[in-house]
Amino acid sequence: MNRVYNFSAGPSMLPLSVLEKAASELVCYGDSGMSVMEMSHRSPDYEAIISDAQSLLRKLMNIPDNYKVLFLQGGASTQFAAVPLNLMVTGKADYVVSGQFSKKAYKEAQKYGDARLVASSEDRNNTYIPTLTKEDFRPDADYVHICFNNTIYGTKWNYIPDTGDIPLVADMSSCILSEPVDVTKFGLIYAGAQKNVAPAGLTIVIVREDLLGHSRPETPTMLDYKTMADNDSMYNTPPCYPIYIAKLVFEWLLETGGLEERAKINARKAAYLYDYLDSTDYYKAPAEKEARSMMNVTFVTGVEELDKKFAKEAGAAGFKNIKGHRSVGGMRASIYNAMPEEGVVKLVEFMKQFAADNPKA
């Protein structure tokens, strides 16, 4: 078996042991006589799978009882509309733009009410996170929205903004389960699963119960959090197989020390790569140091042709999907939970060799 180091920003690599477990159960799950992909979502076997997945996630993230865990469809992008439809009760919401996805969320919310731009990092190409205090937010806003980790630009909030009594909503698509997080600091957390949890098709929503039941009249039934919560995420057929894979990933995380241990491993991986970037003049990491992401490390040579050559040769050497997003160029190494430390070490070795073989004029 020739597995590559897949640095894709998503869909991304999954733990090998999870893939092997899924492979062993692909044709027949337990004594059910069928694959999970063939099961009725109303069957006892599948109801046990989705129930276990929810319980495991609650344990991993220490989610309080007054929060609902929803397994939904449509990706995080669907939540750009679902959030204002469910939470914009008085018609006001505050948004912070620190990258492409938070900007899309802000633009979507403008369709439904007074979505105000509190701050933006676009003035420096989203290389930093704005510093905000409680006074920056409107006291009568229904919620404040942020994107906690910015996949494209390689930045992350290194603090949780104080929003007072205003519910804080966070898109955690590219950093969920990478480290412990105090769920009680948020009114709602949502995340597309395809970066750190499961295959594409599953979206996780963690929402405080008091925020349910206030959706706007025009809210589609499929986007109403209360409807989904009342039906335990099975108002309709859920994304069955991705939920099953997510359950296996949750088990893997618990078996390997939980989020506290995972945070230590992720910090080591990121530090190893950033330390090399900081030690050389050949590459540059655009993200400001205090805002660097542990999950998505962006870097450039400063020469467009060299960047293209690097991405091509890295791919040929088994470091796949390392080309930066088309909107920013350069390179991006997404080092999610499933990326082994060995992959980062070998990438740095390749980077050193590439720099030696391709001196700048």
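His-41 is buried, with a relative accessible area of 13%; here buried stands for under 20%, exposed for over 50% and partly exposed for anything in between, using a 1.4 Å probe and protein chains only. Please keep in mind that this is a predicted model, in which local features need pLDDT of at least 70 and side-chain atom pairs count only at pLDDT 80 or more, while totals for chains, interfaces and linings use all residues. Residues are numbered from 1 along each chain as its sequence is written, and side-chain values use heavy atoms, with hydrogens and water left out.

Let's stay with His-41 for a moment. His-41 sits in the loop between α1 (16–24) and α2 (44–61), where helices (H or I, at least four residues) and strands (E, at least two) are DSSP runs numbered from the N terminus. Leaving out residues up to four places away in sequence, His-41 touches Tyr-46, Glu-47, Met-234, Asn-236, Thr-237, Pro-238 and Cys-240; contact means heavy atoms within 4.5 Å.

Thr-151 lies in the loop between β6 (149–150) and β7 (155–156), and it counts as buried because its relative accessible area is 4%. The side chains of Thr-151 and Ser-174 are joined by a polar contact of 3.0 Å. Beyond its neighbours within four places in sequence, Thr-151 is in contact with Ala-9, Ser-174, Lys-195, Asn-296, Arg-332 and Tyr-336. Thr-163 belongs to the loop between β7 and β8 (168–171) and is buried too, at 7% relative accessibility. A polar atom of the Thr-163 side chain lies 2.7 Å from the backbone oxygen of Ile-166.

A polar contact of 2.8 Å links its side chain to that of Asp-224.

Now for the backbone. Most residues other than glycine have a negative phi, and most peptide bonds are trans. Gly-10 and Pro-11, however, are joined by a cis peptide bond with omega of about -5 degrees, and Pro-11 is found in the loop between β1 (5–6) and α1. Asn-126 has a positive phi of about 55 degrees although it is not a glycine, and with a relative accessible area of 4% it is buried. Asp-232 is not a glycine either, yet has a positive phi of about 50 degrees; Asp-232 counts as exposed, at 53% relative accessibility.

Turning to the helices, which side of α4 faces inward? In α4 (residues 100–109), Ser-102, Ala-105, Tyr-106 and Ala-109 are buried. They lie on the same side of α4 because they cover an arc of only 100 degrees around the axis, the arc being that of the directions from the helix axis to the C-beta atoms. An α-helix has 3.6 residues a turn, so residues three or four places apart point the same way. The buried residues of α4 pack against elements including α3 (75–87), β3 (92–97) and β4 (114–120).

What about the nonpolar interior? A nonpolar core is a set of buried Ala, Val, Leu, Ile, Met, Phe, Trp, Tyr and Cys residues joined through side-chain atoms within 4.5 Å. The largest one has 95 residues, and Met-61, Leu-177, Ile-245, Phe-250, Tyr-283 and Phe-310 touch the most other members. Helix α6 (residues 240–255) gives the most to this core, contributing 11 residues. A second, separate core of 30 residues includes Ala-82, Ala-93, Ala-109 and Val-207.

We finish with a helix pair. Helices α7 (residues 258–279) and α9 (residues 341–357) pack at an angle of about 5 degrees, and their axes are 9 Å apart; axes are lines fitted to C-alpha atoms, for helices over the stretch in contact, and angles run from 0 to 180 degrees between N-to-C directions. This makes α7 roughly parallel to α9, on a scale where angles under 35 degrees count as roughly parallel, over 145 as roughly antiparallel, 65 to 115 as roughly perpendicular and the rest as oblique. Among the residues making the contact are Ile-265 and Tyr-272 of α7 and Val-344 and Met-351 of α9.

Key: A polar contact is a pair of N or O atoms within 3.5 Å; within protein, one must be able to donate a hydrogen and the other to accept it, and residues adjacent in sequence count only if both atoms are side-chain atoms.
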